[in-house]
Amino acid sequence: MIKQVFQKAKQIVKENSKGFILFFVLLIVLTFEFPYYIETPGGTIDISSRIEVENGYSAKGSFHLAYVSELKATIPTLLISKLKKDWDIIKKEEVVMENENTKDVYFRDHLQLEEANQNAIIVAFGKAGKEVQIKSTQLYITYIDPLADTNLKVGDEIIKVNGISISSKSELNPIIQTHEIGDTIFFTVIRNQHEIEVSAKVIAYEDKKMVGLMITEKHEIETEPQIKFHFKSSESGPSGGLMMTLAIYNQLVKEDITKGKKIVGTGTIDVDGTVGEIAGVKYKLKGAEKAKADLFFVPNGKNYEEAIQLKNDLDYEIEIVGVSTFDEALEYLNNYIE
């Protein structure tokens, strides 16, 4: 029986060999990836589906994260990008730097999402007068500049610099500034579960002394009430920090600051409540407009200017609000007239 089935399959393949060859050739051609990415207008994510605050207050309106859609460059996507004005082709090295791989990018983006969520907790709970404790902080290397002269690697956990324990990324720069260009700074790191000694030389960049590292903090936090996150593995990056902070705060206080509105926005959040600039603001604004949002929060500066220019060019009706801190966003919503 098995022999007959095998012979039949062999006969089918033989009779349709040209068709099978053509199919596989087309499959290879259409799925071959070029060294580019394509960025397109994304959408919005209702934050209530991503956070869970124990006994949190409900809202009449909603807070949403804005995101950019990123596609790999294949023949079909490249052809579509030529037809769609808001599909932009970018070089692969603008996403994955020459001295890193996709694994490094994945590690950085997901750790930055975790850092953003933790910063959002710290800021929101502090502002709401709720209990939040940072039990410990770990410092990870998430990016190394191509100009850096170092044997550090992405994923290294820093525990000491020049023999001194550090617990915040802000502690590194003062150490760098005490050295001269070309000096060596020694790091004690954990790599592959082993403690090792590595180093980095102080270099000059735009008249500044640096070692060319990006450090991301990972906190162990205890809160009352408890909070849980439910992000998908495909979701990453720090740009939702501001909106996460607003959404968490709104579940911690009785007054509903959404005022029944659909509020979309973007911007990083630091532990002191500072809102930082992001990339892809034009795609995010287009996504917010498509989602019929009432308000769009964006970091002040270049992001705000770009958003306003796009609004004017495309005659959008959405209200754009530029902010530099969480307090500014909160004040705007508290004073918002429905």
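Biologist: Where is P225 placed in this predicted model?

Modeller: P225 lies in the loop between β12 (213–224) and β13 (227–229); strands are DSSP runs of E, at least two residues long, and helices are runs of H or I, at least four, both numbered from the N terminus. Residues are numbered from 1 along each chain as its sequence is written. In this predicted model, local features need pLDDT of at least 70, side-chain atom pairs count only at pLDDT 80 or more, totals for chains, interfaces and linings use all residues, and side-chain values use heavy atoms, without hydrogens and water.

Biologist: What kind of peptide bond joins E224 and P225?

Modeller: The bond is cis, with omega of about 10°. Most peptide bonds are trans.

Biologist: Why is N55 called exposed?

Modeller: Exposed means over 50% relative accessible area, buried under 20%, and partly exposed in between (1.4 Å probe, protein chains only). The relative accessible area of N55 is 73%, so N55 is exposed. N55 is found in the loop between β2 and β3, and has a positive phi of about 55° although it is not a glycine.

Biologist: How do you know that N192 is buried or exposed?

Modeller: N192 has a relative accessible area of 65%, and is therefore exposed. N192 sits in the loop between β8 (184–191) and β9 (194–201).

Biologist: Which residues touch the most other members of the largest nonpolar core?

Modeller: A nonpolar core is a set of buried Ala, Val, Leu, Ile, Met, Phe, Trp, Tyr and Cys residues joined through side-chain atoms within 4.5 Å. Of the 35 residues in the largest one, these are F63, L242, M243, L246, I248 and F297.
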